[in-house]
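Trainee: Please take a close look at one part of this model, the surroundings of the ligand. What holds there, atom by atom and element by element?

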Amino acid sequence: MIISFEGIDGCGKSTQEKLLAEYLTKAGYVIRRVREPGGTSLSEQIRDMLLDRESDIDPFTEMLLFSAARAQLCRTVLSKWNSMGDIILCDRFFDSTVAYQGGGRALADPEWLDRFQRKVTGGLVPDRTYYFRIDIKTAEVRKGGRSDSETDRMESEGEIFFRKVIDAYESLARREPERILVVDATRNVESIFTVIRKDTDRLLSQIGPVNTNGSAL
Ligand code: TYD
């Protein structure tokens with residue numbers, strides 16, 4: 001089972017991913033955690049290239065590099081874990097490419113990019129995606145006043161870029177309401193987590209067997 005966490009930088013998704021991992025581990029489930037881009041040594045090398053502020057990357061090349069990192073992750077690691085019935089928590093997955101490269105970079109039409117991503121992952125699609133809806137100003141405050149040297153190549157994009165990323169996430173959420181749950185990320189950590197915990201519990205009761213270490217409730 002795959003659960004992904006999506007939203008613009010500073011939306012708080014990584015905090016919630018960590019809370020869910022702790023909650024599910026305590027409940028006895030086998031949890032696998034990955035962040036994208038990354039998760040294999042090749043994917044981490046690609047990540048370094050992509051996020052390095054010194055890199056000068058053409059937008060189409062950028063989309064292919066994010067996709068290459070994901071293909072390696074999905075085809076060498078995630079497909080195995082998924083077929084074993086583990087619960088995989090992904091801090092970003094292919095919706096990030098549709099939103100950032102498709103929307104932010106206005107690169108390709110979203111339907112094409114979406115279809116392409118399903119080839120990239122070899123057919124792996126999250127069972128649930130939590131999209132953390134937040135406005136740019138609040139996200140900025142959350143990130144804190146970081147200096148230029150502390151922000152990576154993608155984070156250093158301006159407000160117009162992030163507005164387009166948000167628009168793309170919003171239309172994804174409208175297109176796939178069964179998969180994508182919109183979470184109000186302006187609320188406090190506890191109340192957001194309550195929404196996610198309840199939803200995941202419900203999901204686990206509906207979806208077929210997942211791996212436990214023998215002590216799952
Ligand atoms: P990261 O430091 O992991 O950011 P975050 O904590 O916000 O997830 O850096 C990943 C950056 O790469 C982030 O700005 C989003 C961007 N990104 C894309 O543009 N396309 C993608 O397909 C993915 C996975 C990430």
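Mentor: In this predicted model, the side chain of lysine 13 places an N or O atom 2.8 Å from an oxygen atom of the ligand. As for accessible area, the ligand taken alone exposes 540 Å², of which the protein buries 89%. The space that the ligand takes is the largest pocket.

Around the ligand there are 15 residues, and those that come nearest are Asp9, Lys13, Arg92, Thr97 and Gln101. In terms of secondary structure, at least two residues of this shell come from each of helix H2 (41-51), helix H3 (59-84) and helix H4 (94-104). Helix H4 gives the most, with 4 residues.

Aspartate 127 can be described separately. Aspartate 127 sits in the loop that runs between helix H5 (110-120) and strand E4 (128-133). Its relative accessibility is 34%, so aspartate 127 counts as partly exposed. Setting aside neighbours within four places in sequence, aspartate 127 contacts Met1, Ile2, Arg179 and Ile207. With isoleucine 2 there is a specific atom pair: a polar side-chain atom of aspartate 127 lies 2.7 Å from the backbone nitrogen of isoleucine 2. Between the C-alpha atoms of aspartate 127 and glycine 10 the separation is 24 Å, and the two residues are 117 residues apart along the chain.

Definitions and conventions: Residues are numbered from 1 along each chain as its sequence is written. This is a predicted model: local features need pLDDT of at least 70, side-chain atom pairs count only at pLDDT 80 or more; totals for chains, interfaces and linings use all residues. Side-chain values use heavy atoms; hydrogens and water are left out. Buried means under 20% relative accessible area, exposed over 50%, partly exposed in between (1.4 Å probe, protein chains only). Contact means heavy atoms within 4.5 Å. A polar contact is a pair of N or O atoms within 3.5 Å; within protein, one must be able to donate a hydrogen and the other to accept it, and residues adjacent in sequence count only if both atoms are side-chain atoms. A residue is near a molecule or strand if one of its heavy atoms lies within 4 Å of it. Accessible areas come from the Shrake-Rupley method with a 1.4 Å probe; for residues, only the protein chains shown count as cover. On a 1 Å grid over the protein atoms alone, a cavity is a set of points where a 1.4 Å probe fits but cannot get out, and a pocket is an open set with protein on both sides within 12 Å along at least five of seven lines; lining residues have an atom within 4 Å of a point. A molecule sits in a cavity or pocket if more than half of its atoms lie within 2 Å of its grid points.
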